[in-house]
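Subject: Structure handover

Hello,

Please find the structure below. My notes on it follow.

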Amino acid sequence: MTPDKTKALSADPTHAMEKDIAFKVEDLNVYYGEKQALKKIKVDIPTHSVTAIIGPSGCGKSTFLRCLNRMNELLPNFRIEGEIIFDGQNIYDKNVDVIDVRQRIGMVFQKPNPFPKSIYENVAYGLRIQGIKKRDLLDNIVEMSLKKAAIWDEVKDRLAHPALALSGGQQQRLCIARALAVEPEVLLLDEPTSAIDPIATGRIEELLRELVKSYTIVMVTHNMQQAARVSGSTAYFLLGELIEFDETSKIFTNPGDRRTEDYITGRFG
Amino acid sequence: MTKPRQWIERTIEVGLFLSALLSVLVTLGIVGVLLFETVGFFKTVPLLDFLTDTEWTPLFSEKHYGILPLFSGTFLTTSIAMAVALPVGLISAIYLSEYASRRVRTILKPILEILAAIPTVVYGYFALIFVTPLLQKVIPGLSGFNALSPGIVMGIMIVPIVSSLSEDAMHAVPAGLKEGGYALGSTRLQVATQVVLPAAFSGVVSSFILGISRAVGETMIVAIAAGLQPRLTLNPLVPIETVTAYIVQVSMGDTPTGTIEYQTIFAAGMSLFLLTFVLNIVSYLLRKRFREVYD
């Protein structure tokens, strides 16, 4: 480990410009019962960047995203082949604790899903289940997380109020704060703005541009403009296959595959 | 052409209304009779005696009309029953809703619900001739009639009420909430106890209160296995009598209509009615207060 690190540090600057890899996905096949949902996916997802996953409904975008923090295991009849290497280890390895994976790789869902608790308790939840009880430590992390999620100013005077009383956009930012509170390295977002209004969407996109400085972000989106606005690289999925993966600017201006072009130019999808 | 059809529709509507009215009228009738006889009772017995006297001996020559011994009996058996039904029912509900596979659930839930279909008289004899002797081996001081054994058996009878209704409430918690819990690194137990349970709180509390109402109103088990001795005590090892068991005792006997002995059962019945009525209101208020609305 140590020699590698020194090597990396002393590597020549041009090489250091290349982005580090957060997830190395190798030959990923996913099945729900008999149906194959993902076919031979092979992709390297860069760190400290927003990676957008686009594609028509039912193409396996969400399935792929949910593989990255092992959320798919909750579904019956789910089966997976291949490897997802995160931090030097296959997260599907038998020795890997799924709880640990999900703490390091946070997730925000399509529909805001705050718990029926207070705003404060929502953010503190992930810490409490880790056994953190110290009030001042909790207070600190809750405040920091809410600030990072750009919702602190709106809720600081009513932390004890029920989270369900917030607006949809606020709830979604609260869910981001809740995910950030456990200090993950990666944030997975599954169409995070599809259930909220355009102004709230704008705020969340702004937030993502800020968060990408410290986190690796992978986001499924239905909205191609959104992918173009916030992401550094884009993956295009079709019928369970990864058709193309490249820098977002390239995908949207000069796609390498005809099917990608058809999709982004709106010929179908 | 349309006339006869309109007539048929009208007749159906009236018929349905009368059916609905019937149950309302019966309820009003029952409350009316209860009230009438209870008023008669309190013309003889001062309310204060009824509420504070510590003995209940209307069938003896030296008469006392204190409801407290009967209430303590009901309280005792109900508490024991809920001490069994609450944890067992809740744990079963958590297992069925959060741990069991769909297959296990479809088999287990109906079997559990069969417990509620066993006639209570069977439970009564089960308590008297099976559970009590069993308990006597562990607790030497236990009387043949006692509050403990019927309390436990009543608890077993109530388990499916608590588990089935709690499970329904927990099952209705949106999958998105559970996913939110798992995505933060929760274990299944943490999701069950800290996400699902609070979200299903109103339904779970309702199931508890329904269970309590059932225990308070249960008659056969306690009449058979708890003894028929009104006693102001919280000792579960000695014979006691509950409000319901007393009503059975007098109804079965040859008490003449219109006597004070006869009226006691209405006073006792009225107290019981008020108790379960209050429980229902509490349940309603709790449901309203803690209900989470998901769209």
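To begin with one residue: is Glu73(A) buried or exposed, or partly exposed? Glu73(A) is partly exposed, its relative accessible area being 32%; here buried means under 20% relative accessible area, exposed over 50%, and partly exposed in between (1.4 Å probe, protein chains only). Its side chain meets that of Arg70(A) in a salt bridge, at 2.4 Å from N to O. The term stands for a side-chain nitrogen of Lys or Arg within 4 Å of a carboxyl oxygen of Asp or Glu.

Some conventions before the rest. This is a predicted model, in which local features need pLDDT of at least 70 and side-chain atom pairs count only at pLDDT 80 or more, while totals for chains, interfaces and linings use all residues. Residues are numbered from 1 along each chain as its sequence is written, chains are lettered from A and ligands numbered from 1 in the order in which they are written, and side-chain values use heavy atoms, with hydrogens and water left out.

Chain A

Chain A has 12 helices and 10 strands, counted as DSSP runs (helices H or I, at least four residues; strands E, at least two) and numbered from the N terminus. Its radius of gyration is 19 Å, close to the 18 Å from the globule rule for 269 residues, so chain A is as compact as a globular protein of that length. That radius is taken over C-alpha atoms, and the rule is 2.2 Å times the number of residues to the power 0.38. The C-alpha trace of chain A spans about 55 × 50 × 45 Å along its principal axes. Of the 269 residues in chain A, 52% are buried. Taking contacts in chain A between residues at least 6 apart in sequence, 66% join residues at least 24 apart; contact means heavy atoms within 4.5 Å.

The interface

On the chain B side, 20 residues are in contact with 21 residues of chain A. The two chains bury about 1800 Å² between them, 62% of it on carbon and sulfur atoms. Glu179(B), Ala183(B) and Leu184(B) supply 35% of the area that chain B buries against chain A, more than any other three residues. Buried area is the accessible area (1.4 Å probe) that two parts lose on being put together, summed over both.

How many salt bridges does the rule find across the interface of chain B and chain A? It finds 1, between Glu179(B) and Arg66(A), whose closest N and O atoms are 2.9 Å apart. This pair runs from helix α7 of chain B to helix α3 (residues 61-67) of chain A. Both Glu179(B) and Arg66(A) are buried. Together with Asp190(A), they are linked in a network of salt bridges.

Within chain B

Over all chains the count of salt bridges comes to 25. One of the others is within chain B, where Asp168(B) pairs with Lys109(B), the closest N and O atoms being 2.8 Å apart. The pair links distant parts of the chain, 59 residues apart: Asp168(B) is in helix α6 (residues 148-171) and Lys109(B) in helix α4 (residues 102-114). Asp168(B) is partly exposed at 39% relative accessible area, whereas Lys109(B), at 15%, counts as buried.

Regards
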